[in-house]
Amino acid sequence: PLTLSLTLLAISSVTDRFMIANLVGAAEAGCYVASLDLVRQTLMIPAISAAAAFFPLAVQIHAAKGDAATRSHLAECAELLFSVTLPACLGFAVIAAHVANVILGADFRELAAQVMPIIAVAVVFQVLTQQYLHASFLLSGRNAFYLINTASIIAANVILSYVLVNRYGAVGAAWARLGADVIGFVCALVLSR
């Protein structure tokens, strides 16, 4: 289930690109992808670094001290992850237009100024889901929950993208991604209980 889930998670991260290309056009998809990847790759680095520090410790604590100690450790790690991710994402959302003006070409800037703040907020939910809540699936030995969670993200992304891209173009895809990440977070939160 874990391998299939990770494969589907990779697929879910590109569905909106194909939806834009199919419904709006390849040029619009290219502009969207440049903005999306700039935001996600920039903001995921600190989150993955933080998770790389706390997750191995969680596994060790789980093996040595049990569930209660692991929950306590993960609660502290959630605070750390949130304290790193939230300011980075919100800060990026605020300065997104300036970042786009410096890094992206003239043809990309207008769409990027609209899309990047939305994607930056979506990254908060994506990080909390993938870097924190998914750890509970591994520690509990319930890898099938990855599959359930990933399926909910894909379904939400496809449905929301279809509706919102038809109506709002690439900006609709950004809103669809935010909606799918929020739905994925809520689903993972329910499953982790």
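**Exercise 1.** In this predicted model, find the volume of the largest pocket and the helix that gives the most to its lining.

*Solution.* Start with the size: the largest pocket has a volume of about 620 Å³. Next, look at the residues around it. The lining counts 21 residues, and those closest to the pocket's centre are Arg71, Leu74, Ser136, Ser192 and Arg193. Then assign the lining to elements: α4, α5 and α7 give two or more residues each. Among the contributors, α5 gives the most, with 7 residues.

**Exercise 2.** State how many cavities of 30 Å³ or more the structure holds, and list the residues that line the largest cavity.

*Solution.* The count is 1 cavity of 30 Å³ or more. The volume of the largest cavity is about 30 Å³. Its lining consists of Gln126, Thr129, Gln130, Ile153, Asp181, Gly184 and Phe185. At least two of the lining residues come from α5, and at least two from α7.

**Exercise 3.** Describe the largest nonpolar core by its members and by the helices that supply them.

*Solution.* The core has 54 residues, of which Tyr32, Val39, Leu81, Phe92, Met116, Ile119 and Val123 touch the most other members. The helices α2 (15–23), α3 (26–65), α4 (67–103), α5 (106–140), α6 (144–168) and α7 supply at least two core residues each. The top contributor is α5, with 16 residues. Now take Leu81 as an example. Leaving aside its neighbours within four places in sequence, Leu81 is in contact with Ala47, Ala50, Phe54, Val127, Leu128, Gln131 and Tyr132.

**Exercise 4.** Decide whether Ser161 is buried or exposed, and list its contacts beyond its neighbours within four places in sequence.

*Solution.* First locate the residue: Ser161 is in helix α6. Residues under 20% relative accessible area count as buried. Ser161 has a relative accessible area of 0%, so Ser161 is buried. Leaving aside neighbours within four places in sequence, Ser161 is in contact with Asp16, Met19, Ala156, Asn166 and Ala176.

**Exercise 5.** Locate the kink in α3 and the residue with a positive phi just after this helix.

*Solution.* The kink lies at Met44, shortly before the proline Pro46, and amounts to about 30 degrees. Just after α3 comes Gly66, whose phi is positive, at about 95 degrees.

**Exercise 6.** Say where in the protein the confidence is lowest and where it is highest.

*Solution.* Begin with the whole protein: the mean pLDDT is 89, and 99% of the residues reach 70 or more. Then compare elements. Confidence is lowest in helix α1 (residues 2–12), at a mean of 79, and highest in helix α7 (residues 170–192), at 94.

Note on methods:
Residues are numbered from 1 along each chain as its sequence is written. This is a predicted model: local features need pLDDT of at least 70, side-chain atom pairs count only at pLDDT 80 or more; totals for chains, interfaces and linings use all residues. Side-chain values use heavy atoms; hydrogens and water are left out. pLDDT is the predictor's confidence in each residue, from 0 to 100. Helices (H or I, at least four residues) and strands (E, at least two) are DSSP runs, numbered from the N terminus. A nonpolar core is a set of buried Ala, Val, Leu, Ile, Met, Phe, Trp, Tyr and Cys residues joined through side-chain atoms within 4.5 Å. Buried means under 20% relative accessible area, exposed over 50%, partly exposed in between (1.4 Å probe, protein chains only). Contact means heavy atoms within 4.5 Å. The bend at a residue is the angle between axes fitted to the seven residues ending there and the seven starting there. On a 1 Å grid over the protein atoms alone, a cavity is a set of points where a 1.4 Å probe fits but cannot get out, and a pocket is an open set with protein on both sides within 12 Å along at least five of seven lines; lining residues have an atom within 4 Å of a point. Grid points are joined across faces, edges and corners, and a volume is the space filled by probe spheres set on the points.
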